[in-house]
Amino acid sequence: MPVRLARNQALRLARLPAALGRTAGLTARRARRVAGGVGRRIGAPRLPRLEPSEEQLRRWAVAVGVEYQAWCFHHGFVTLAEWRAQRRQARRQLSAPLISVVTPVHDTPPAYLRECIYSVRVQSYPHWELCLVDDASTDPETLAELDRLVATDPRIRLERLEQGQGICGATNVALGMARGEHVAFLDHDDRLAPDALFHVGQLLIGEPDLHAVYSDRDYVTVDGFRARPHLKPNWAPETLLAGNYLFHLTVYRRALVVELGGYRQAYEGSQDLDLALRVAEQDPRVAHVTRVLYHWREHEASMALRPNAKPFIFDAGVAAVEAALERRGIDGTVDEIPGIWRGNYRVRLRLPDHEPAVASVEELANYRRDVNDALEACEHDELAVIGPGVRPADAETHRRLIAWLGQPGIAAVTGRIVSPGGYLRHAGLVRRPGGEPLAPFEGYHQSDPGYGAMTVITRNVSLVHPLACAWRVDVLRAIGGVPPDYEGPYGMLDASIEAEHAGYRLLYDPLATFVCDDERISPACWGEEERDLFAERRAGYLAHDWQCHWALDRRYPDLRLNVGAPPYESDDMDGSGSS
């Protein structure tokens, strides 16, 4: 069911400290005072006239490596003139929402805390407040720095806790302080891009019914340089079960977070994933700002640099996904994916006790006929389409291929294809303007996780592989099967887009593995004439792939950073999308 945002929002927010921050000892009277501030603008005359210097903006754009530095220069750098133009625009927007930035603090090194808070103060979007909660810090330098920083700006407020509540408890107290319609989560040692809230704010002004907005991020090295951008797919509910790809920067509608109960102590360490999974169950409207707006700091005590220092975090991540499966009535188990960086999870669904019907395609020229004939005669709920030379890796492969089809909204699942020698032939296709899809990391060893672990996680995709997929029969019939304009496999790519247009999702599951050494498995063998037909007929869909960031170069299997991509031309050119 969609989330119903309460009309009496102030009353519900008044209950937030009692529900979430009871251990902090917040009184009901104080809660009512906090709730009374809903929707108020902090007076513009009181705001200090602070702006970043050109030198500071350039320093924040310095990156590790020639490739990322070049990309940052074109796509990850805001000049002072641009910053001032954004500030003028935001000041004129009477409908601009107040964004509450919530940040728990505990013994943060003063230099990191100073830069974190400064990155909020120099936002080109002025309609923010910063809610700091000191979680019983004992470092006198941290305490002194907090006092000094709070005095610099009336939009910064501080609550001190006498006893430590942990990240969940302290963040919930900060949520109780928040007066904005939307809340942004910022860790105490990280940094926002100077235009981060501006781009979020513009989306919220244009689409006021959004429940969540998230952006891309990168890392700040111990030397202060930017590195390793994480360029994310658009909203993908099943991908979220494989790990928290949203992470930061994420901005939620505050009433939604309140309704869901805020952070939950049982999932401390993976509280962001737990919240995101619960939000995903509310049929939310979510938008992705395809810009690097958040910088995750690496230092000796951070998860960014030493992920194995806090193993309980990943136990909590497994527990969060398990809880999501239980809430959704999904029978399955969860574990971490071995052999790669931590925080990637694998859901193994209980396999159905039956095999699907199978449409076996022996000749590509007869693809449409073979599939549609099998679809017409099918008496099962699922139909698998298997191409020439494609054979299951084990006895469970076909059942794994259809296991996810029982979940609401999923129309089709595509499997992984490897060579007899263990090299990837297919790990999810990517749309390209010329029509011929890209098979990312084709030719790499099957153990290679690829960009964002895309080859080894179960994730949403925009196309199924025509020669190793399974469909819900009712959906494939409803969209007309393989369309009559095609004879070969490109017709199934067209059907993938038709299913998406009808509101369904497609999935890649690497656990459903097939083996093939037949060259016809490659899109290059599927015919130029039908490729051109597909490119012309679906040009609007092929220009972008919502599961592959625009800054990743779709010309190459390794999806390298596209340094030569055109720079942003306007605030709505960045590929932001909601779903």
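Let's start at strand 4 (residues 182–185), which is covered on both faces: His 182 and Ala 184 are buried on one side, and Val 183 and Phe 185 are buried on the other. Here buried means under 20% relative accessible area, with exposed over 50% and partly exposed in between (1.4 Å probe, protein chains only). Strands (E, at least two residues) and helices (H or I, at least four) are DSSP runs, numbered from the N terminus.

Before going on, a word about the model: it is predicted, so local features need pLDDT of at least 70 and side-chain atom pairs count only at pLDDT 80 or more, while totals for chains, interfaces and linings use all residues. Residues are numbered from 1 along each chain as its sequence is written, and side-chain values use heavy atoms, with hydrogens and water left out.

Now for the partners of strand 4. Strand 1 (residues 99–105) runs parallel to strand 4 and is joined to it by four bridges; in this pairing, Val 101 stands opposite Ala 184. With strand 8 (residues 250–253), strand 4 pairs in the antiparallel sense over three bridges, and there His 182 stands opposite Arg 253. Two strands pair if DSSP finds at least two bridges between them.

A cavity is a set of points on a 1 Å grid over the protein atoms alone where a 1.4 Å probe fits but cannot get out, and lining residues have an atom within 4 Å of a point.

How big is the largest cavity? Its volume is about 70 Å³, where a volume is the space filled by probe spheres set on the points, which are joined across faces, edges and corners. In total, the structure holds four cavities of 30 Å³ or more.

In helix 10 (residues 196–206), nine of the eleven residues are buried, among them Phe 198, His 199 and Gln 202. Helix 14 (residues 312–328) contains Phe 314, which counts as buried because its relative accessibility is 5%. Phe 314 and Gly 269 are 45 residues apart in sequence, and their C-alpha atoms are 7.7 Å apart in space.

Conventions
On a 1 Å grid over the protein atoms alone, a cavity is a set of points where a 1.4 Å probe fits but cannot get out, and a pocket is an open set with protein on both sides within 12 Å along at least five of seven lines; lining residues have an atom within 4 Å of a point.
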